[in-house]
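Okay, thanks everyone for coming.

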Amino acid sequence: MPTTAVHLRLGRPEDARAISLLARRVARRWILPEQSHEAGQALLLRLGTRALRERMREGQRFHLAWLGEVLVGIAAMRGDSHLVHFFVGTRYQGRGIARRLWERAMADAVRRAGTGRFTLNATRCAVPVYRRFGFVPTGPEGFSPSGVLTTPMALETVPARRAKA
Ligand SMILES: CC(C)(COP(=O)(O)OP(=O)(O)OC[C@H]1O[C@@H](n2cnc3c(N)ncnc32)[C@H](O)[C@@H]1OP(=O)(O)O)[C@@H](O)C(=O)NCCC(=O)NCCS
């Protein structure tokens with residue numbers, strides 16, 4: 001599959017069901033095994049169709065990667081600065097889809113808000129990927145506010161407005 005066949009666009013509330021299906025499937029496979037039962041169930045609840053639709057209506061921006069009609073990747077940004085969700089379908093991983101989603105989500109936030117610092121809470125398996133994007137740990141592995149075992153990470157960028165000056 002050439003990565004160029006993947007089309008990126010912003011998610012709409014009517015995409016919430018497809019987002020939920022993909023996110024829950026990937027979370028069950030890659031995230032839940034290293035979490036407590038309670039934290040895992042709470043994460044699955046936050047990835048439900050209704051909850052995701054609500055987050056979109058509140059202004060979270062969901063960047064979606066599609067291969068034809070199939071949703072293959074999701075990057076959700078809160079407040080133009082915090083990457084909340086990041087999932088690529090298992091069979092599509094390792095092909096540069098996350099890189100493309102991240103670059104789009106970052107550019108979107110910089111364009112909208114001049115963001116100079118991005119944050120996220122990384123699951124253990126995703127830490128090496130975020131390091132490739134330039135994120136560095138800002139603290140030890142521990143429990144995020146939502147009870148998921150993660151490593152807090154941040155990326156400092158040069159705000160677009162200042163870069164032009
Ligand atoms: C994390 C995830 C989104 C990455 O998606 P992906 O499409 O496989 O990632 P990409 O192929 O775009 O790779 C991105 C970069 O990370 C690198 N990378 C990927 N896996 C890596 C690994 N295990 N170790 C080191 N580097 C790795 C790639 O080489 C690439 O680097 P480059 O762009 O500089 O060449 C995907 O693996 C996933 O959905 N994981 C399960 C869910 C999860 O943990 N999400 C994060 C929640 S915080």
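So, one term before we start: when I say two residues touch, I mean their C-beta atoms, placed from the backbone, lie within 7 Å. And keep in mind that this is a predicted model.

With that in hand, take A105. Leaving aside residues up to four places away in sequence, A105 touches H63, A75, M77 and L83.

Now the strands. β1, residues 6–10, pairs with β2, residues 61–67, in the antiparallel sense, over 5 bridges. In that pairing, L10 stands opposite H63. On to β3, residues 70–78: β2 and β3 also run antiparallel, joined by 7 bridges. Here L67 faces V70 across the pair. The hairpin has 2 residues between the strands, and G68 takes a positive phi near 60° there.

Last stop, L8, which is in β1. Is L8 buried, exposed or partly exposed? Partly exposed, because it has 16 C-beta neighbours inside 10 Å, and buried would need 20 or more. Setting aside residues up to four places off in sequence, L8 touches H63, L64 and A65, plus R100, L101 and R104. S146, on the other hand, is 138 residues from L8 in sequence and 29 Å from it in space, C-alpha to C-alpha.

Terms used:
Residues numbered from 1 in each chain as written. Predicted model: local features only at pLDDT ≥ 70, side-chain atom pairs only at ≥ 80, totals over all residues. Pairing = 2+ DSSP bridges. Helix = DSSP H or I, 4+ residues; strand = E, 2+ residues; numbered from the N terminus. Buried ≥ 20, exposed ≤ 12 C-beta atoms within 10 Å, placed from the backbone.
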